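Subject: Structure handover

Hello,

Here is the structure you asked to look at. My notes on it follow below.

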Amino acid sequence: MRTRTRRIDDAALVQPGRGLTLRTGASRIRLVDRRVLALGRGEGAVIAGLTAIGSMVSALFVAQGVLVARTLALVFDGAEFAAVVPWLGAIVAVLAVRSALVWTYQTRSAAAAGRVAGRLRSRLYRQVTDLGPGWAGGQRSGALQTTLVDGVEQIESYFRLFVAQLIVSLLTVAGVVAALLVIDPLIGVVVGVLVVVAAAGPAISWRFLGTGLRHWWTAAPALSAEFVDSMQGASTLKIFGASALRGEDLKARSADVLDANMALNRVEHAWLQPFSLAGAAAGVSAIWIGIARLDAGAISSTSLLLVLLLVGEALRPVAETKRALHFAMQGMGAAEGVLEILDAEPAAREGELTLSHGTFGVSDGRTALALDGVTLRYRPGDEPALDRCSIEVGAGERVALVGPSGAGKTTVASVLLRFFVPQSGSVRVGGIDVAQLELDSLRHSVGLVPQDAYLFTGTIADNLRLARPDASEAEMLTALEQAAALEIIARLPDGLASDVGERGNRLSGGERQRIAIARAFLTDAPILVLDEATSSVDVESERTIQAALDRLSVGRSVLMIAHRLSTVRHADRIVVLDNGHVLDIGTHDDLASRPGRYRQLLDADQADRS
Amino acid sequence: MKRVRELGGRLAPIVAITGPYRPMFYASMAVGMAAQLLQIATAGLGAWLVGAAISGTALSSLTPWLFALVIVAMLGQACSVTESWMVHAVSWRSLHDLRLTLHDRFDELGPGYLLERRSGDIARVVLADVNEIENYTSHVLPPLLTAVVVPIGATAAIAVIQPVLAVVLLPFLVAVATVPFWLGRHAEEQGRRARTTAGALGAVVIDAVQGLREIVAFTARDRALRDIARAQDATVAANLDHARRLAAERTVTGALLSTGMLATLAVGALLVTRGALDPARFPAAVVIAGAAFAPLVALTFVGGELQRIAACADRVWTILRATPPVRFTAAPEHPRPQPVVAFDNVTFAYPSSDRSVLDGISFTVRPGETVALVGRSGAGKSTCAHLLQRFWDPAHGSISIGGIPLAAFPEQQLRRLVSSVPQDVYLFNTSIAANIAIGKPDATRDEIRVAARLANAEAFIDALPDGFDTIAGERAATLSGGQRQRLAIARALLRDTPIVVFDEAVSNLDTESEAAIRRGLAAVAAGRTTIVIAHRLSTIRRADRIVMLDAGRVVDTGTYDELISGDGPFARLVQPTLQHESDVIP
């Protein structure tokens, strides 16, 4: 059910401007969200360790301030240079330790974030396989890939650059303000209040951006989609003389985004202005109050020097957090996609029963698979893709499904493999309702040869071992021979070890099809679902493939999805499907001899070719 | 240094995109510089006030200076926020302009340019690249400027306090500024490795997602997870190397900054005890030395960014500077040319290769006639179709419509004369109706419906969830290749050009689609001059005449009956197909 459209996913393209951190504003997720933090589960100890190191770094910055203040005070008191030297030595020691800690912090945080990303990606992929191809097909194309590739990276940045930084910053501000309170309560209170105000600015300014953000959130994806669409379709636009008109559209969309950006820019900076002034005011008022207190004899000159040097340390974390916020915003944006996947409920639940291949005695005439009154809607409210559909394939029987495109043929295969779970009716394999089967067991028993077989980047052997991980070279060669695919590896330089290229693009459509058949030989499943290829296959290989499929079908129960009438004549029975309904069932001779949809299709085919 | 200059050369044109907003851009830089200098002044003034107070200056005589401190500090902050606002305003406006310029450019470059590249990739890349340029003007350039301005300003301020201290600081300044260069020697290689492993990881994940059906059907999840984990480990290892170097850079930079401050403190203390420095000015020197070199740290952050942004800029410039393969005349339109297509001794090689694809081709298609172009893949059939639409110009020979060479037609007239039904149909992300009406935006719904009916597309469109209003490309409208081609036929019918090029699908379509398309083609060909790139015997039989190409030459021409009864190239080509009672010719 992969979509064949070429539309590019918007999410992959929308990159909000970095200064205007926009994602969070439109997101339901808060900046520090328990569900997002839970994604880093298992790294709690490491993050705590990092926080500890980070706090020590901050403490050493404060210590440096204290030592420098002490040194300056000594100099003001007229001390000899020799008396100053031990203090200078202490500063050197502080510097050395701090450098070592900074190094540790940087490298450890990179390693920890890498682990978070690795675990998250595995967890996500596990969930995606549980949700299955049916669910994946219903996602916007490209959205899953974006989440699993880029989204996870952004979460990594969130943990690497934001979480620990935020805690360290909070601790540092608290520590410095506490120190100032000890030196002089008034200075401590004033600086404390102003620093909190300055820090609150960026964190809350987006709350006031509401309408602007909503604007941006509709305008920007629309522009991305239209821009990519126009460029991809540039040739078509040109040929049909439609570029100019489309250009006007694009201009309007781009102007929408510009307007939204400019409005946000104004609002955001207008809001930031007072908060950032509060930051500047913190330093200035500390000095002013300090000088006044010194003048009044309330504090010592050492204390005033301490105030001068420590106020900067209280403001440093605010600036660092502001920088880190940018990564937090990106992480938040990504978190929505990630949580959406993790929260989705797999439609197909695991059963407990298993099937052994012995269940399907070809000779005893039992039913290999059966759909019984199956109705499936892809989404609630849709027209049913299958409507009270009943199909049976006896053990060892070969049944063909025919019907126009959109009749529901491929859906039957998806329901059988439990990629989709029907709303009503039952599907049985080997006489057992598939809902009661272990999914792995079901999928071991039903082999699939899809019409557009997917080959993975790697070698031919890698792709064959997908079907049977422990297959020996001899077994693989036998399977290839049966699939009429030996000539493919004979042609390739490294035989079984030849690289098939990205998505198997070094092989032709017919060759990929034959590799898929070889896989089915290796799986050796008693039930087969064959989705006939409609892709580019030349006449010669069409014949070879047909012969290979005939060999594959021997001794198995086969459901064949046929797109061309020429290939169904030899089926034991033919099921005619239209609009999700079974219209008729019978042999070719039966169906051809009586009026009906099959005869119509047959006649149309004949008439057309002559 | 050569690397730096080269990088600068690649980045310089970005400033050019600020175009008409350049004055505002420079103004924002000036405001930014003022903000930085005011911030140094704030730090220095504050420290000087503290020093003066401790030295015994009375509060009353300091008060005017305290007011000055407030003003300088507030002004500095105000400038900083204003700069950020201005620089973003310039960036957003420039981006808007750049997007429109790129669109016009794509249009100007036309299908010829795009056909030789993967336009989907280009589009995606360009859009991301354009956004990346905002990052440069708004977030990379300002810190770079700061990194230059602040240390110079700070050193000057310290020199005013006591020249010896400035001399002490200078070596540290130079050392910090050059850290990225002597520690960053492997940066490029590490960056490349990090990108390569990240790319490989992306590929593995995408493979596992796109091949999900196979992974699930073959219960191969553990294997997929193993592959992902392996690629992930490689990325983490590469990133760790990168992180270690970055950590080293930051550690060394941080240490140098503090040591510089320490040296100022030590030498300052010595100078005070020797009576060479007024103690009241001493704290100012220490504070400026401690804080003012911090912007240099930004250099370690932006180094890698610059490389990446330069690559983005390169891709954008490549498109902006590309030469269009053809230029259209601005001459007036020709009154009613006859729909006769004539290829006269046409020779052509694609711009990217030396090999001739067409080698002296001549044939004529008369008004209303349907000619099937036949030949193996690579024979030059599609090239003929492209040249007729003037995606490129032939190297020799000429193509004419109604006796007028193509180059003499203004573009819009040529587009109204020739339309095409391609194999690989692009559907826009709009309604099916809008997709059909792409060549006739003012078509009524009835006209669209009639065109769809003639193209045998009406029934399946009506079956879509929202009928003609269904958005193509969304889930409900995952159309098969055959259905897409029928939409393209409807497009061509509605466009109603006197000449149509029809590229028949090579792939096997389902029986129903094949029949429907054949009827659609008949509707298109009726009364029009039609060139069909044909792959099926049934299509070839229906053509008025056949032109067979081989290796860029016309090797056989005539009616089906004439050619099949002989022993020419055409008869030999279709012989195996006839023997196998098949339809598709190889």
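How many residues of chain A are in contact with chain B? The count is 145 residues of chain A, which touch 149 residues of chain B; contact means heavy atoms within 4.5 Å.

Before the rest, some ground rules. This is a predicted model, in which local features need pLDDT of at least 70 and side-chain atom pairs count only at pLDDT 80 or more, while totals for chains, interfaces and linings use all residues. Residues are numbered from 1 along each chain as its sequence is written, chains are lettered from A and ligands numbered from 1 in the order in which they are written, and side-chain values use heavy atoms, with hydrogens and water left out.

The interface

Chain A and chain B bury about 13,200 Å² between them, and 67% of that is on carbon and sulfur atoms. Buried area is the accessible area (1.4 Å probe) that two parts lose on being put together, summed over both. A:Tyr125, A:Lys238 and A:Phe240 supply 6% of the area that chain A buries against chain B, more than any other three residues.

Three salt bridges cross this interface; a salt bridge is a side-chain nitrogen of Lys or Arg within 4 Å of a carboxyl oxygen of Asp or Glu. B:Arg221 forms a salt bridge with A:Asp130, with the closest N and O atoms 2.9 Å apart. On the side of chain A that touches chain B, the largest share, 28 residues, comes from helix 4 (residues 81-137) of chain A. Helices here are DSSP runs (H or I, at least four residues), numbered from the N terminus.

Within the chains

Over all chains, the whole structure has 43 salt bridges. One of them joins A:Arg35 to A:Asp343, the closest N and O atoms being 3.0 Å apart. A:Arg35 lies in helix 2 (residues 34-37) of chain A and A:Asp343 in helix 10 (residues 301-343) of chain A, so the pair ties together parts that are 308 residues apart in sequence.

In chain B, helix 5 (residues 163-183) and helix 8 (residues 221-273) pack at an angle of about 175°, their axes 9 Å apart. Axes are lines fitted to C-alpha atoms, for helices over the stretch in contact, and angles run from 0 to 180 degrees between N-to-C directions.

Regards

Definitions and conventions:
Helices (H or I, at least four residues) and strands (E, at least two) are DSSP runs, numbered from the N terminus.
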